[in-house]
Amino acid sequence: MKNLFKLYWAFFKIGLFTIGGGYAMLPLMEREAVENNKWVEKEEMLDIYTISQCTPGVIAVNTATFIGKKVGGFFGALFATLGVVSPSLIIITLIASFFNNYTDNPYVIKAFIGIRVAVAALILNSTVGMIRKGIKNPYQIGIMIAGALTMIIFNVSPIIVIIVAGIFGLFIFDVRADKEETNE
Amino acid sequence: MNRILLMCLEFFKAGLFSIGGGLATLPFLQKMADNHPDWFTHDNLIDMVAVAESTPGPIGVNVATYAGFSTNGLFGGILSTLSLILPSFLCILIIYGFWQRYKENNRVQRTFAALRPAGLGLICAACFTVFKGAVIPDGGLRLSCLIMFVIFFALMQIPKMKKIHPLFYILFAALIGVLLPL
């Protein structure tokens, strides 16, 4: 039982100090999970990140679920996961209730015209960074462009794009890799 | 009550099909804004992203909380967030028993080798939509916004500026919005 609260609190801290995206939390995760609480080995952390990239969802939450499960089964996973999202729930609720009082304020309206530009730039910046890190071969460039154009031009549901890409990856990538192996 | 349940279902779908981290939920949220403008509009969404970028926590979770709260109050915020993370929670629990084999399975690797770029493509499309919303706020292109966008983006590319927290850009932009006739 004490373990469950330790899990909740450790991941609460991780959620609280993760600013600006999942990868920023790596060092903190290592300090809490590996050094302080000895829940996982350093090498295992790398495996966990890899898995988190092969499952849907937010990397912070996935790693919390995984480590929680390892330490304390289902309830461990539950407490760790709830821990990592609690700071968001609390802080955002407070901020949102604050802002909802000011939506008609002319200064707020003007401020947000500027803020939207900043957000657009921030998102483009993050996207460019992700492209640099994540795209490793021309096929992936093709898939990315295909996905982007399909969305922009046809405005389909993003779910369709994901499903089609998944099928493509499963069957067509498969075939190509098999061919490479037999050619060797 | 129906609205809360419907929203939870949408967030569940978003959580299930988001590949590739924080911003990956953005395309799904934009679709929600398209289909349910009474929940939140595209402009509302960008504002929520602004807050989500400036506060602790994963951005997808933050936006889910914000959107859920704005539409359905405290209960809505909590339920939306839980709906978003439920698919990945279940997924991890399911594969946990054989995660080593899962990680090394060729089919899994190849599927995700295609899924990740597709997710990135969706984010690119989402980025384009946000760009349009920022630079064409009321139907007409605002040159001032476009120039501001280019300047901000250029600033972010400077190595020394890479460590600056998004919150500073957002506050700076807010100041510009108030002081200048954008």
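## Around A:Ala118

Leaving aside neighbours within four places in sequence, A:Ala118 is in contact with B:Phe152, B:Tyr169, B:Ile170 and B:Ala173 (contact: C-beta atoms, placed from the backbone, within 7 Å). A:Ala118 also turns up, with A:Val117 and A:Val119, as one of the residues touching the most other members of the largest nonpolar core, which has 111 residues. Such a core is a set of buried Ala, Val, Leu, Ile, Met, Phe, Trp, Tyr and Cys residues joined through C-beta atoms within 7 Å. Buried calls for 20 or more other C-beta atoms within 10 Å of a residue's own, exposed for 12 or fewer, and partly exposed sits in between, with C-beta atoms placed from the backbone. Helix α4(A) gives this core its largest share, 17 residues.

Everything here comes from a predicted model, where local features need pLDDT of at least 70 and side-chain atom pairs count only at pLDDT 80 or more, while totals for chains, interfaces and linings use all residues. As for labels, residues are numbered from 1 along each chain as its sequence is written, with chains lettered from A and ligands numbered from 1 in the order in which they are written.

## Where the chains meet

The contact between the chains draws 85 residues from chain B and 81 residues from chain A. On the chain B side, α1 (2–17), α2 (26–35), α3, α4 (59–96), α5 (99–104), α6, α7 (143–157) and α8 (166–179) each bring at least two residues. The largest share of that side, 24 residues, belongs to α6(B). By class, the chain B side splits into 58 nonpolar, 19 polar and eight charged residues. Here Ala, Val, Leu, Ile, Met, Phe, Trp, Tyr, Cys and Pro count as nonpolar, Asp, Glu, Lys and Arg as charged, and the others, Gly among them, as polar.

## Chain B overall

Chain B has eight helices and zero strands (DSSP runs numbered from the N terminus: helices are H or I with at least four residues, strands E with at least two). Its C-alpha atoms fill a box of roughly 60 × 45 × 30 Å along the principal axes. Of its 182 residues, 54% are buried. Among contacts in chain B with a separation of 6 or more, 58% link residues 24 or more positions apart.

An automatic or database assignment sets the domain bounds: chain B gets domain 1 (2–135) and domain 2 (137–182). Five residues from domain 1 of chain B and eight residues from domain 2 of chain B make up the contact. On the domain 1 side, α3 (42–54) and α6 (106–135) of chain B each supply at least two residues, and α3(B) gives the most, with three residues.

## A look at B:Leu26

B:Leu26 is found in helix α2 of chain B. Why does B:Leu26 count as buried? Because 28 other C-beta atoms lie within 10 Å. B:Leu26 and B:Val130 are 104 residues apart in sequence, yet their C-alpha atoms are 9.8 Å apart in space.

## Helix α1 of chain A

Helix α1(A), residues 2–17, has 16 residues and reaches 23 Å from first C-alpha to last, close to the 22 Å expected (1.5 Å times one less than the number of residues). Its buried residues are A:Lys6, A:Leu7, A:Tyr8, A:Ala10, A:Phe11, A:Phe12, A:Ile14 and A:Gly15. Their cover includes α2 (26–36) and α4 (59–99) of chain A.

Notes:
Contact = placed C-beta atoms within 7 Å.
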